[in-house]
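The sequence and structure are shown first.

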Amino acid sequence: MKAYIRKVQYYETDMMGVTHHANYIHWMEEARVDFMDQLGFPYTRMEAEGVSSPVIAVSCEYKKPCTFGDEITVTVTVKSFSNVRLAIAYEMQNQKGETVCLASSEHTFLNREGRIVSIKRTMPEFCKAVENVMREGDE
């Protein structure tokens with residue numbers, strides 16, 4: 001999977017010229033959406049099949065500040081995957097290759113009524129794609 005790359009925008013910085021901490025969570029979502037697109041299961045497809053995947057936990061460890069114009073590469077990996085939960089890790093690096101943030105998010109799978117669903121039963125092709133990515137990461 002290709003990493004997600006973006007530039008820090010001026011509006012994302014505070015009065016000290018440093019990226020506001022909340023923006024890293026936005027970047028995680030952008031990278032996750034890109035990851036799902038690359039996987040062949042964009043969120044629009046999942047939603048059309050009646051499945052949503054809300055965030056149930058998020059964590060960020062800030063290592064170095066980012067400033068306006070920095071190019072940030074976000075690498076997404078699947079930490080764990082089960083029938084009802086997906087855990088994703090994010091490593092964000094600046095253009096110098098320095099790690100600026102290590103983060104993670106956890107997601108569950110819901111049907112249109114808001115009930116947890118068995119993703120392996122509901123979308124078996126999605127599960128195979130995620131498991132393939134995890135296997136490739138282990139090699």
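## Nonpolar core

The largest nonpolar core contains 34 residues, and those with the most contacts inside it are Leu 39, Phe 81, Met 92, Phe 109, Ile 119 and Phe 126. Such a core is a set of buried Ala, Val, Leu, Ile, Met, Phe, Trp, Tyr and Cys residues joined through side-chain atoms within 4.5 Å; buried means under 20% relative accessible area, exposed over 50% and partly exposed in between, with a 1.4 Å probe and protein chains only. Two or more residues are given to this core by each of H1, E3, strand E4 (85–93), strand E5 (99–108) and H4. The largest share, seven residues, comes from H1. Helices (H or I, at least four residues) and strands (E, at least two) are DSSP runs, numbered from the N terminus.

The model is predicted: local features need pLDDT of at least 70 and side-chain atom pairs count only at pLDDT 80 or more, whereas totals for chains, interfaces and linings use all residues. Residues are numbered from 1 along each chain as its sequence is written, and side-chain values use heavy atoms, with hydrogens and water left out.

## Aromatic pairs

The structure holds seven aromatic pairs, defined by ring centres of Phe, Tyr and Trp (its six-membered ring) within 6.5 Å; planes under 30 degrees apart count as stacked, over 60 as edge-to-face and the rest as tilted. The ring centres of Phe 81 and Phe 126 are 6.0 Å apart with planes at 80°, so this pair is edge-to-face. Because Phe 81 lies in strand E3 and Phe 126 in helix H4, the pair ties together parts that are 45 residues apart in sequence.

Phe 109 and Phe 126 also have ring centres 6.0 Å apart, and their planes stand at 70°, so the pair is edge-to-face. Phe 109 is in the loop between E5 and helix H3 (119–122), 17 residues from Phe 126. Phe 109 is buried at a relative accessible area of 0%, and Phe 126 is likewise buried at 0%. One aromatic cluster is formed by Phe 41, Phe 81, Phe 109 and Phe 126.

## Largest pocket

The lining of the largest pocket comprises 18 residues, with Met 1, Val 76, Thr 77, Val 78 and Val 133 nearest its centre. A pocket is an open set of points on a 1 Å grid over the protein atoms alone, where a 1.4 Å probe fits, with protein on both sides within 12 Å along at least five of seven lines; lining residues have an atom within 4 Å of a point. Helix H1 (22–39), strand E3 (71–81) and helix H4 (124–138) each supply at least two lining residues.
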